[in-house]
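Subject: Two-chain model, handover

Hello,

Here is the model I promised. My notes follow below it.

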Protein chains: 2
Amino acid sequence: MEKLTIIKVGGKIVEEEATLHQLLDDFAALSGYKVLVHGGGRSATRLATRLGIESRMVNGRRITDAETLNVVTMVYGGLVNKNIVAGLQARGINALGLTGADVNVIRSQKRPVQEVDYGFVGDVKQVNAPLLADLIRKGIVPVMAPLTHDGEGHLLNTNADTIAGETAKALAGLFDVTLVYCFEKRGVLRDENDDESVIPTIRREEFRQLVAEGVIQGGMIPKLENSFQALDAGVAEVIITQASAIDGASGTHIR
Amino acid sequence: MEKLTIIKVGGKIVEEEATLHQLLDDFAALSGYKVLVHGGGRSATRLATRLGIESRMVNGRRITDAETLNVVTMVYGGLVNKNIVAGLQARGINALGLTGADVNVIRSQKRPVQEVDYGFVGDVKQVNAPLLADLIRKGIVPVMAPLTHDGEGHLLNTNADTIAGETAKALAGLFDVTLVYCFEKRGVLRDENDDESVIPTIRREEFRQLVAEGVIQGGMIPKLENSFQALDAGVAEVIITQASAIDGASGTHIR
């Protein structure tokens, strides 16, 4: 199968001009088929603040009322997405910005209210893999915003890590998929105060051991659990690294 | 050649929920290949006001400084475009939201500073007609926001009438194109105070006569000049009508 690299980058990297330009240079230089999934949370919070809308987060997720949905639609679907697309076009990459609503790429359902009412937040139901594969094979590079739709006319806010993971799983039957999660650190660290202590490879048994030892904790646990789920679904490799290393040469490789 | 209808709707119609829903119902019901081009100026002005950014218009065009460019990118490319796309998907239309940057659909150049510095405003240089035609023939319905790009990484604000006209001209060699401009009135009126006085057909010689008589004046003159230019470039018909009549059965037909 042909190789496909799916890169997920967080808000911080795409929201500052210098780091965005470096990322776009690095992404443009990646060989083979590729997809970029981006966040934009910091810009959304900043815009919300300017508009006098309070940003409320629970378990790292944004409570999305109707006004907040408009904010993230503007920031993720407009400001961040279209600037990335224009920047990639300038680098010779035939980028196409997509929310889940565009060509029905990602259908979701509004998260049911349990302990928390997240509001207009969507859990992914279906990724339109054949259509995405068709675009990718034409040389088009999808740039995916963290927004989905319910098929009934409503946009829904959806976590960018989830968009990347679900897209990787859906495309795993059609490509040899590498999923790269970029974050602030060089990889999963053995010692959070030592940036050089990157764990180069984590297999499932090691993951259990590292959690038991308390080396891996907090938000890294669901990130790694999602990575193993992606591998179970046929994704070839998941890499957790810095945005400056999206070629996957360094970082933590989940296998 | 196969028929293609390009509908341009202004901000007012797409910015109010009731009129937007009616428009989406009507647009979904149109048979054959179709493209929707939308504005969003009122929402852009509203957001700018909330952000303390002054909206300055010259000759009906928005002066677009860097902050205003961000506002229109959020409103046109995000809020308005993605809500239309989600609304059309709910009606079984496989909509795809596009700015000019997406798959390099419309390349423009920043308007040179003459008497007025319009800022980040783009004049259309090239519409990627083969790519648009390819999408349309696949059953995809482009929903075009009034934003273009210069190919050097910059988004540019571009008038929605111009986007519609240039797209119609570019596709005229590939489809039998009808271009429908929707505005507040039922058509070009013989008496601006009488909504029933729609002129059903205007040919070039009649246009000159009506201008000479003072029946057609102000902003309607460039609208009609653009319509005749579209006809010169091979567009089959231009219709000026209300959003409630996008099937083209009424309104003013420019031939």
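In chain A, 8 strands make an open sheet with mixed pairing, in the order E5-E8-E2-E1-E11-E13-E14-E12. E5 and strand E12 (201-202) of chain A are the edge strands, each with a single partner strand, so one side of each has no neighbour in the sheet. Strands here (E, at least two residues) and helices (H or I, at least four) are DSSP runs, numbered from the N terminus. Two strands pair if DSSP finds at least two bridges between them.

Please keep in mind that this is a predicted model: local features need pLDDT of at least 70, side-chain atom pairs count only at pLDDT 80 or more, and totals for chains, interfaces and linings use all residues. Residues are numbered from 1 along each chain as its sequence is written, while chains are lettered from A and ligands numbered from 1 in the order in which they are written.

Inside the chain A sheet, strand E2 (residues 33-38) and strand E8 (residues 141-144) pair in the parallel sense over 2 bridges. Val37(A) stands opposite Met144(A) there.

Val37(A) also turns up in the surroundings of Ala160(A). Ala160(A) belongs to helix H6 (residues 160-171) of chain A. Its contacts, leaving aside neighbours within four places in sequence, are Lys8(A), Val37(A), His38(A), Gly39(A) and Pro146(A). Two residues are in contact if their C-beta atoms, placed from the backbone, lie within 7 Å. Ala160(A) counts as buried, with 22 C-beta neighbours inside 10 Å. The cut-offs: buried is 20 or more other C-beta atoms within 10 Å of the residue's own, exposed is 12 or fewer, and partly exposed is in between, with C-beta atoms placed from the backbone. Lys34(A) is 126 residues from Ala160(A) in sequence, and their C-alpha atoms are 16 Å apart.

Now chain B. Its open sheet has 8 strands, mixed pairing and the order E5-E8-E2-E1-E11-E13-E14-E12. Strand E5 (95-98) and strand E12 (201-202) of chain B stand at the edges. E12(B) is joined by 2 bridges to strand E14 (residues 252-254) of chain B, and the two run parallel. Ile202(B) stands opposite Ile254(B) in E14(B).

How many residues of strand E2 (residues 33-38) of chain B are buried? The count is 6 of the 6, so the strand is largely enclosed by the rest of the structure. In a regular strand the side chains alternate between the two faces of the sheet. Tyr33(B), Val35(B) and Val37(B) point one way from E2(B), Lys34(B), Leu36(B) and His38(B) the other way, and all are buried. Strand E1 (residues 3-9) of chain B runs parallel to E2(B), joined by 6 bridges. In that pair, Leu4(B) stands opposite Tyr33(B). E2(B) also pairs with strand E8 (residues 141-144) of chain B, in the parallel sense over 2 bridges. There Val37(B) stands opposite Met144(B).

Next, helix H4 (residues 66-90) of chain B. At 1.5 Å a residue its 25 residues should span 36 Å, and the end C-alpha atoms are 35 Å apart, which agrees. The expected span is 1.5 Å times one less than the number of residues. H4(B) bends by about 35 degrees at Asn81(B). That bend is the angle between axes fitted to the seven residues ending there and the seven starting there. Of the 25 residues of H4(B), 22 are buried, so the helix is largely enclosed by the rest of the structure. Just after H4(B), Gly92(B) takes a positive phi of about 80 degrees.

Two backbone angles to check. Most residues other than glycine have a negative phi. Val103(A) is not a glycine, yet has a positive phi of about 40 degrees. Val103(A) sits in the loop between E5 and strand E6 (106-110) of chain A. Val103(A) is buried, with 24 other C-beta atoms within 10 Å. Asn104(B) has a positive phi near 55 degrees. Asn104(B) lies in the loop between E5 and strand E6 (106-110) of chain B. Asn104(B) counts as partly exposed, with 19 C-beta neighbours inside 10 Å.

Last, the interface. The contact takes 32 residues from chain A and 32 residues from chain B. On the chain A side, H4(A) gives the largest share, 14 residues.

Best wishes
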